[in-house]
Amino acid sequence: MKITWLGQGGFLLESGGYRLVVDPYLSDCVRKKEGLARLHPFPVELKDLKPDCLLVTHDHMDHLDPDGVPRIHEAYPACRFAGPDRSFQHFLALGIPETQVTRIPMNSTYSFGPFTVTSVFAAHSDPTACGYVIGAEGRKIYLSGDTNYDERLLSDSLRGMDLMLVCINGKLNNMNCADALKCVKALHPKAALPMHIGLFAENTADPAPFVEGCGALGIRSFAMTPGKEFEL
Ligand SMILES: [Zn+2]
């Protein structure tokens, strides 16, 4: 499976030629609406994104981009959209035909091409927000989405993943580095990578303490570079 960080909480996952895009923030709409400018451009040109499915964890602009989603729908009319309830409603409001949108209730599993996607608990200010366990090629990724620390994150079903992608920015209902390391210690994935950082000067964190903390636990980690692909 190929993984490319798209910045913030966004990822491009590729398996068998199928491209699952999660939480892509393409536009600069948060600057227009809340005054927070993006620090780096979206790392993939729209013409190269080629999504088969766009999956979101929740209905906030840096995950369900209300300026970016219509552009993706226009460029890729066959692309499927999926997310929990508020996101489902937002996709419809943005003009995506209902036949092309999958509503994902909590603790449910769907298939998108070769990927299985299971929604899991998250504690965030969108009450329908979720994380996902995403599987393909016999590997499993736990993507935390945006979430505060909560003991319900420490579920047995999330233990021992091949990769955990976890928010560490520590603001606006998200775990900080210490919270994220508590989860990593309890869930003990094979690798854990810090995310939801680097896009807004007002809402970011240094990944180095997280990477060092993982190293001390014997868990592989590194600071990702937006747009640079790696293999799982
Ligand atoms: Zn966010």
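Modeller: Here we go through the sheets, a metal site, the cores and a few single residues.

Biologist: Before we start, how should I read the numbering and the values?

Modeller: This is a predicted model, in which local features need pLDDT of at least 70 and side-chain atom pairs count only at pLDDT 80 or more, while totals for chains, interfaces and linings use all residues. Residues are numbered from 1 along each chain as its sequence is written, and side-chain values use heavy atoms, with hydrogens and water left out.

Biologist: What makes strand 6 and strand 13 edge strands?

Modeller: They belong to an open sheet of seven strands with the order 6-5-4-3-2-1-13 and mixed pairing. Strand 6 (101-103) and strand 13 (229-231) each pair on one side only. Strands here are DSSP runs of E with at least two residues, helices are runs of H or I with at least four, and both are numbered from the N terminus.

Biologist: What lies across strand 4, strand 5 and strand 6?

Modeller: That is helix 4 (residues 85-93), running at about 160° to strand 6. For such angles, axes are lines fitted to C-alpha atoms, for helices over the stretch in contact, and the angles run from 0 to 180 degrees between N-to-C directions. Contact means heavy atoms within 4.5 Å.

Biologist: Why is one side of strand 7 and of strand 12 left without a neighbour in the sheet?

Modeller: Their sheet is an open one of six strands, ordered 7-8-9-10-11-12, with mixed pairing. Strand 7 (109-112) and strand 12 (192-195) stand at its edges, each with a single partner strand, so one side of each has no neighbour in the sheet. For strand 7, four bridges join it to strand 8 (residues 115-120), and these two run antiparallel. They form a hairpin with two residues between them, and Gly-113 in the turn has a positive phi of about 55°. Strand 12 pairs with strand 11 in the parallel sense over four bridges, with Leu-165 opposite Leu-193 in strand 12.

Biologist: Now the metal. Why is the arrangement around the zinc ion irregular?

Modeller: The zinc ion is coordinated by Asp-62 (OD), His-63 (NE2), Asp-146 (OD) and His-196 (NE2), at 2.1 to 2.3 Å. Donors are N, O and S atoms within 2.8 Å of the metal (3.2 Å for Na, K and Ca), and because water is not among the atoms, sites may look incomplete. Four donors count as tetrahedral if all angles lie between 85 and 135 degrees; four count as square planar and six as octahedral if opposite donors are over 155 degrees apart and all others between 65 and 115; anything else is irregular. The angles here are 90 to 171°, which makes the arrangement irregular.

Biologist: How do you know that His-63 is buried?

Modeller: Buried means under 20% relative accessible area, exposed over 50%, and partly exposed in between (1.4 Å probe, protein chains only). His-63 has 1%, so it is buried. Asp-62 counts as buried too, at 10%.

Biologist: Why is Leu-172 called exposed?

Modeller: Its relative accessible area is 61%, so Leu-172 is exposed. Leu-172 is found in the loop between strand 11 (163-167) and helix 5 (177-187). Asn-173, in the loop between strand 11 and helix 5, counts as partly exposed because its value is 34%.

Biologist: Last one: which residues touch the most other members of the largest nonpolar core?

Modeller: Of its 51 residues, Leu-20 and Phe-210 do. Helix 5 gives the most to this core, with six residues. A nonpolar core is a set of buried Ala, Val, Leu, Ile, Met, Phe, Trp, Tyr and Cys residues joined through side-chain atoms within 4.5 Å. A second, separate core of 20 residues includes Val-21, Leu-49, Val-69 and Phe-81.

Note on methods: Pairing = 2+ DSSP bridges.
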